[in-house]
Amino acid sequence: MPSRSAAGSRRWLRVLAYGAGGLGLWLLSLLLVQTLLSRRLARSQMVQLGSEVAFSLRLGELALESYPMESVAELSGLELAEDHPPAGDRGGAEAEALHAELCSQLGFCREVVAAGGSLWVEVVSPFESIWLAVAIPDPRRWPPDPLSLILSLGAAGLALSTLVLSLEVQRPLRQLENSLQQLGTSQDPEPLPERGTRAVRQITRRFNGLLEHLRLDRQERATMLAGIGHDLNSPITRLRLRLHLAEGQPMSTAESTKAQGDLDALERITSQFIAFARGDAEEQPVRVDLAALLAEVAGQSGLSNLSLDLKPLQAWVRPIALTRAVGNLLSNAAHHGHPPYQLSLQPWDAGGFAIAVSDAGEGIPEALWHQALQPFRRLDEARGGDGHCGLGLAIAQRVALEHGGELFHHRPGQGGFTLGLRGRSLSDLVTSSRSPDRSHSDQQDRMNGVEHP
């Protein structure tokens, strides 16, 4: 799984990439808008130029009635000439546009000629023809026209939003939809990369968690089906053989005891299988005096040489599941360890609890610890036919995880082996509005020190 720093770096890179893309889209939009509006911009420039030239013509004509051309040019700053300018190649379109604009604004037309990189406009004079020079307007490139700027920003923002929506929302959701379709057709889709907006990443993360949960369930189901068939085979075969021999002669007391042992093994295997397959997540938490509960479990275990070291603790737990888990730990010590045995209860991690079973045996080798927690994996294969199906520690591990803890083991300095589980109170799962049901009342009758909300 990628680290948070790597994921944060990738998000910042995406932000920078989208920023650069947004800038590029804005420049492209500005270029397109200016290209599309160039005629309108040119028309706007010509209207403005026409107004300025019309004002200069009126001012110049009034001044030329009283003053010579040189004085008028010097006083007004206008560029005036007496000779008719020769027609040039550049500015013909601007000359026609200015001519039409002056006709519209003045009410009468004036001749306009493009020559020498300028536009020359005829000025009416009492004595001779005079020409006014006007600079040919250059197309406005920068800074952009305000209308072009607003339109380009809007277009770039819309394009960038569409791009982000497509890449960060629609594409991940489309991939999620395709994976869901594959999941519905019993295919095994691959986990999806967690990308997109925060909400999309959360949905993808939960979907990947669902895929992993389904994969583990399928693997666990296949393991259970294979294990239950293997473990039931031996006692069933022995029991069938004894029943077959009993057809010829009555079954002896010893054989009857062995047959009863095979039945007990079948019962243990099926009960552990059902407990593991069903789980205990649906059991409602209740407030339990853990010391009293563990004392009762210890009394029912039938272990001799079992001492108790139980600190007074109360917690919200699933008592049936916890009882089964502690019973499995005691059974594991009885079958694999050596006396004396000890069951202890200690506080753990601010409100939690730690239950440990110690014995004088060698315990589980460190290299085989993870194997011991896997369902239907026995460290001693010779015990496969006496009702030990390798689910005891797997069930205890599941109960510890359901209580927010874990299964642990260690070897004390004075020798021996300690195996236990840690957990936390499940008070956050209990709401004040939940009323106790009949099953809880039955549990309170069976267990000492149990309180209901």
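Which side chain meets that of Arg 205 in a salt bridge? Select Arg 205 and Glu 194: their side chains meet in a salt bridge of 3.3 Å, N to O. A salt bridge here is a side-chain nitrogen of Lys or Arg within 4 Å of a carboxyl oxygen of Asp or Glu. Arg 205 lies in helix 6 (residues 198-246) and Glu 194 in the loop between helix 5 and helix 6, so the pair ties together parts that are 11 residues apart in sequence.

This is a predicted model, in which local features need pLDDT of at least 70 and side-chain atom pairs count only at pLDDT 80 or more, while totals for chains, interfaces and linings use all residues. Residues are numbered from 1 along each chain as its sequence is written, and side-chain values use heavy atoms, with hydrogens and water left out.

Helices (H or I, at least four residues) and strands (E, at least two) are DSSP runs, numbered from the N terminus. Buried means under 20% relative accessible area, exposed over 50%, and partly exposed in between (1.4 Å probe, protein chains only). Arg 205, at 42%, counts as partly exposed, and so does Glu 194, at 36%.

**Next stop: Arg 14 and Glu 168**

By the salt-bridge rule the count comes to seven. One of them joins the side chains of Arg 14 and Glu 168, at 3.8 Å from N to O. Arg 14 belongs to helix 1 (residues 4-36) and Glu 168 to helix 5 (residues 146-184), so this pair ties together parts 154 residues apart in sequence. Colour the two by accessibility: Arg 14 is partly exposed at 21%, whereas Glu 168 is buried at 6%.

**Next stop: Arg 422 and Glu 406**

Now select Arg 422 and Glu 406, whose side chains form a salt bridge of 3.0 Å, N to O. This pair links distant parts of the chain: Arg 422 is in strand 11 (residues 417-423) and Glu 406 in strand 10 (residues 406-410), 16 residues apart. Glu 406 has a relative accessible area of 39%, so it is partly exposed.

**Last stop: Ser 358**

Go to strand 9 (residues 352-359) and pick out Ser 358. Is Ser 358 buried or exposed? Its relative accessible area is 16%, so Ser 358 is buried. Show the residues in contact with Ser 358 (heavy atoms within 4.5 Å). Leaving aside neighbours within four places in sequence, these are Pro 340, Tyr 341, Gln 342, Phe 417 and Thr 418. The side chains of Ser 358 and Thr 418 are also joined by a polar contact of 2.8 Å. A polar contact is a pair of N or O atoms within 3.5 Å; within protein, one must be able to donate a hydrogen and the other to accept it, and residues adjacent in sequence count only if both atoms are side-chain atoms.
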